[in-house]
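Dear colleague,

I am passing on the structure we spoke about, with some notes on what turned up in it. Please read the notes with the structure open beside them.

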Amino acid sequence: MLSSGSSYSSAVGRPAAGLVGGVGMAATGEEDRQMKVAVLGAAGGIGQTLSLFLKVHLPAGTTLALYDIANVAGVAADVSHVDTQVRTEWYLGKRGSVEELEKCVTGADVVCIIAGIPRKPGMTRDDLFNVNAGIVRDLTETVAKCAPGSTLCIGTNPVNSIIPIAAEVLKEWKCYDKNKLLGVTLLDNMRACTFVNEIVQPNTIVKEVPVIGGHSATTIVPLYSLTAAGPRLSDSEMAALRKRTQNAGTEVVDAKAGRGSATLSMGAATAYFIVALVDALLGNRKPCVCTMVDTDGAAKAPYMAWPVRLGPDGVESRLSIGKLSPAEEKELAEAIPILCQDAVKGQKWYEQKKANKGSKL
């Protein structure tokens with residue numbers, strides 16, 4: 001299953017310490033190439049955190065283009081005062097018009113969609129689907145029209161169904177590249193790493209925990225057995241860690257008591273991901289990250305979170321992983337049918353909306 005390339009455990013390595021998840025300022029290997037990164041949904045809770053971290057950590061000369069339908073001018077003004085050589089632009093969308101959105105994404109090397117409504121207490125990712133699906137569909141259509149060669153990263157939930165919708169839009173516009181559509185699931189890896197280190201430090205420091213499957217509840221399959229702490233953890237400890245990782249989003253939603261979801265940590269994780277991607281696109285390094293990708297028929301689910309190596313053209317290779325524990329194998333087997341259902345749900349939604357509209361989306 002998805003076994004091209006070297007193994008995750010041998011390939012992955014955490015960069016030097018920095019503000020965002022171990023990432024320091026991106027290197028600037030191609031001095032003559034200036035990148036453009038567009039953030040769609042920049043004024044939301046995730047978007048503000050993400051925009052700040054990108055202003056700090058993107059390479060000098062990068063243009064950071066911020067888009068939202070409200071309050072984006074203030075966010076842009078605020079982050080623009082951070083003293084780095086990253087240029088900040090802002091675009092305020094208007095209902096019924098895509099003019100500002102088109103300006104924002106035109107010429108972008110990377111487009112990150114984190115727009116959508118947040119989770120509230122008692123709300124599942126599935127509850128988010130109908131609203132967020134429409135938002136991502138419309139944004140992706142404009143990306144396909146104005147920035148067809150960009151690498152599109154999506155963190156809007158529910159990712160398991162949203163990524164298939166975006167893929168269908170890109171296919172409709174004949175610009176789909178399975179290596180340039182990436183679901184941002186890295187928050188699961190950061191959480192898994194945090195939780196295990198609470199147990200094993202200071203005797204052991206776990207720098208990476210591969211997390212495969214999806215980005216909702218039991219589709220999240222952290223592979224603690226493959227970490228440096230694996231030999232030290234009992235079966236019951238690993239089971240408890242997997243459950244906490246799977247329920248971590250709900251943990252934050254409940255703790256915020258109706259005042260938001262995991263915005264700060266998701267913003268940090270997405271920034272880590274985008275900085276790594278930009279570094280790869282510039283050819284500075286080839287980082288290994290976990291992301292939801294098109295499995296290209298190599299797995300039983302059409303889209304899965306999986307460790308990949310990034311390169312100048314997006315995903316360079318999908319990595320193999322080591323032998324899973326029996327419990328991890330069981331959880332992955334149980335996640336596969338759910339991932340398939342989630343993908344079909346997104347595809348059917350898209351086809352129905354297209355049929356209702358009666359014209360090309």
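This is a predicted model: local features need pLDDT of at least 70, side-chain atom pairs count only at pLDDT 80 or more; totals for chains, interfaces and linings use all residues.

Residues are numbered from 1 along each chain as its sequence is written, and side-chain values use heavy atoms, with hydrogens and water left out.

The protein has eleven helices and eleven strands, taken as DSSP runs numbered from the N terminus (H or I of at least four residues for helices, E of at least two for strands). Of its 361 residues, 56% count as buried, where buried means under 20% relative accessible area, exposed over 50% and partly exposed in between, with a 1.4 Å probe and protein chains only. Among contacts (heavy atoms within 4.5 Å) between residues at least 6 apart in sequence, 73% join residues at least 24 apart.

Helix α5 (residues 129-146) packs against helix α11 (residues 326-357) at an angle of about 65°, and their axes are 11 Å apart; axes here are lines fitted to C-alpha atoms, for helices over the stretch in contact, and angles run from 0 to 180 degrees between N-to-C directions. That angle makes α5 roughly perpendicular to α11, since angles under 35 degrees count as roughly parallel, over 145 as roughly antiparallel, 65 to 115 as roughly perpendicular and the rest as oblique. From α5 the contact draws on F129, N130, A133, G134 and R137, and from α11 on K345, G346, W349 and K353.

Helix α7 (residues 186-200) and helix α8 (residues 235-246) pack at about 140°, with axes 10 Å apart, and are therefore oblique to each other. In this pair, D188, A192, F195, V196, E198 and I199 of α7 meet E237, L241, R244 and T245 of α8.

Leaving aside neighbours within four places in sequence, T270 is in contact with L50, C112 and V184.

Finally, with a disulfide taken as a pair of cysteine sulfur atoms within 2.5 Å, the count comes to zero. Of the cysteines, C193 is buried, with a relative accessible area of 9%, whereas C340 is partly exposed at 23%.
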